[in-house]
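Have a look at it first, and then we'll go through some of its parts together.

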Amino acid sequence: MNCLRNNIALLLIALSMVFVPFSAIAAEAEDGKIDVQEIVMGHTGDSHEWHITTWGGHHISIPLPVIFIANDGSWHCFSSSRFHEAKGGVYNGFYIPSEGENSGKICETVNGQETKVKLDISLTKNVLQLWIIVVLMLLIFIGCARWYRNKKADSDAPKGFVGFIEMFVMMVNDDIIKACIGEKHYRRYAPYLLTAFFFIFLSNLIGLVPIFPGGANLTGNLAVTLVLALFTFFAINLFGNREYWLDIFWPKVPVWLKCPVPMMPIIELFGIFTKPFALMVRLFANIFAGHAIVLSLTCVIFITCQLGAAIGAGLSTVSVVMMIFMDCLELLVAFIQAYVFTMLSAVFIGLAHQEEHEEKAALS
Amino acid sequence: MPSFLTPEPGLLLWMLVAFLVVFILLAKYGFPIITGMVEKRKQFIDESLASAREANEKLANIKAECHTLLQEAQARQSQILKEATLTSNQIVAESKEKAQEEAARIIQDARRQIQAETERAQRDIRAQVADLSIQIAGKILAREMQNDEEQNRWIDQVLSQIPNS
C-alpha cells in the first residue's frame, strides 16, 4: 500500500515535470503575439515532423519521412527536413503551406493553383505514434503471453508486471466483454475487443505525455476513431444472427409503422450506421477536447504574462492548478473512453446475438 | 469544414494497416494465450476444490463408518460375552445334572449288585445249610433208622414239625 502511494506521488511529480517542456512548446510566438488557435490546432493535428521545442528562434524537431503520390502519378519519398533546407520551403515543387485551406498538407502548384498531392501516405507524427503504440502493445502482450510458455495449469499465478497485465486483461475480458456479449458468444469477439481496448487506452495515455515518444493526438483524430468504429461495425453486422436482421427489417412494432411506409425499418437501418458513428465521434471528441483544454490552459500562462507580472503570476498559478487537475481528469478519461468504447461495442455485438440470450433467460 | 473534422486518407490507410497487424498478431499470439491460461487455471482450481470437498466428504464418511463399526463390534462383543456366560452356565448345570444322574445310576447299580450278591450269598448259604442239614440228617437218619418203630416215630415227628405250606 505504501509502495503504491509512493508510486502515485512519483507519477504526479513526473507528470508536472513533463509540463515544463510542454510550456516551452507553447512559446512559439514569434512576434510576441500568441495565436492560441494555431497552437491548439497545430498540436492536436497532424504534422510531417515531430516538433519538440523552439529554442531561440530555432525549431527543434524530428524529421519524418514524407511519402506521397503527386498529381502526375509519380511517387516521391524524402525526409521532411528537405522542406526546411530548401529555399522558401519549396522542394522539387512541393511545399507545405502554413495557412489557408491546405495548411499543414503537402501541396504543389498545378496550373497556377495550390493543389494537394493525390495521396499522402507520409509517416507523419500520428503514423509514427501509431506504430510506437503497435510495437508497445506487441511487446507487452506477446511478452506476457511468452511468460506462459512451459507453464501448466497448476503452476503459480504470475507476479509483478505479468500478473498486473493478466489482471487487467481478465478485468476487461470478464467484466466488459463477457458481461456485455454473454457467455456463449464472447469468445469470438474477445481478441478484437481486447485489442481495441488496449489500443485506445494506450493511445490515450501516451497522448498525455507531451514529449517525443508520446504527445500525438492519436485517438483525438477522426481517421483513427473512424477505423476503430469501422471494425466494430463489421464485428456487429458480419456475425449478426437472423433475429438481429429481423429486428431491423421487421421490428416488433404496430404494423402501420412498418407496412405501407417502412418507417421503423428505415430508422433501424439508419441505426446500424449511427451506432458506430456515435462511437467514433464520442472517442474523437473526448480526447480532442481534453487535449485542446490542456493546451488552452497552457496558453493562458503566456497570454496573461503579457498583461503584466502580477496578473500573470496569479492567473498562471490558477492555470497550472487547472492544468494538473485537467491532466488527472484526462488520465481518468483515458481509461473511461477505452472502457466505454469497448463496452458499447460489446453491447452492440451482444444485441446482434439477442435471441440466444432470451432463450437462455427463458430456460433458466 | 475545419481540417480536424476531415479524416486524412493517408492516416486512415496507416491506421487500417497498423490496427490489422496488431489485431492479427495479438489475436493469434497474445490475448487467447493469456485468457486461455487463466481459464485453465480457474478450471484447475475449481477441480481441486471439488476434489478436496469430495475427499473431505469421504473422510467424514469413513469416520462415521468407523464409529458405527466400533459400536457394532462392541455390541457384538457384549453379546458374545453374554452368550458365553450363558453357555458356560448351561454347561455347568448340564454337567452337574449328568454327574448327579451318573452318581445315582452308580449308586443304584451298586445297590442292585449288593442285592444280587446278597441273594447269591443267601442262596449259597441256603444250599450249604441244606447240604449240611441233609448230610447231618442222613447221618442221623443212618444211625436212627435201625429200628422201624423208632423210624415211624421220627417220620411222624418230622412231619408234624413241617409247617403246612
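What follows covers confidence, domains, strands and one proline.

First, some ground rules. This is a predicted model, where local features need pLDDT of at least 70, side-chain atom pairs count only at pLDDT 80 or more, and totals for chains, interfaces and linings use all residues. Residues are numbered from 1 along each chain as its sequence is written, while chains are lettered from A and ligands numbered from 1 in the order in which they are written.

**Confidence**

The model scores ipTM 0.85 and pTM 0.76. Chain B has a mean pLDDT of 88, with 97% of its residues at 70 or more; pLDDT is the predictor's confidence in each residue, from 0 to 100. Helices here are DSSP runs of H or I with at least four residues, strands are runs of E with at least two, and both are numbered from the N terminus.

**Domains**

Chain A splits into domain 1 (65–122) and domain 2 (125–356), with bounds that come from an automatic or database domain assignment. Taken over C-alpha atoms, the centres of these two domains of chain A are 33 Å apart.

**Strands of chain A**

Two strands count as paired if DSSP finds at least two bridges between them. Here are two such pairs:

| Strands | Bridges | Sense | Facing residues |
|---|---|---|---|
| E1(A) and E2(A) | six | antiparallel | Thr54(A) and His59(A) |
| E3(A) and E8(A) | two | antiparallel | Phe68(A) and Asp120(A) |

E1(A) and E2(A) make a hairpin with two residues between them, and Gly56(A) in the turn has a positive phi of about 55 degrees. Why does E2(A) lie largely in the open? Of its six residues, the number buried is zero. Buried means 20 or more other C-beta atoms within 10 Å of a residue's own, exposed means 12 or fewer, and partly exposed is in between, with C-beta atoms placed from the backbone.

E3(A) also belongs to an open, antiparallel sheet of three strands, in the order E4-E3-E8. At its edges are E4(A) (75–79) and E8(A) (119–120), each pairing on one side only.

**A proline in chain A**

Pro191(A) sits in helix H6 (residues 186–208) of chain A. Is Pro191(A) buried or exposed? Pro191(A) is buried, since 20 other C-beta atoms lie within 10 Å. Leaving aside neighbours within four places in sequence, Pro191(A) is in contact (C-beta atoms, placed from the backbone, within 7 Å) with Leu26(B), Ala27(B), Phe31(B) and Pro32(B).

Conventions: Contact = placed C-beta atoms within 7 Å.
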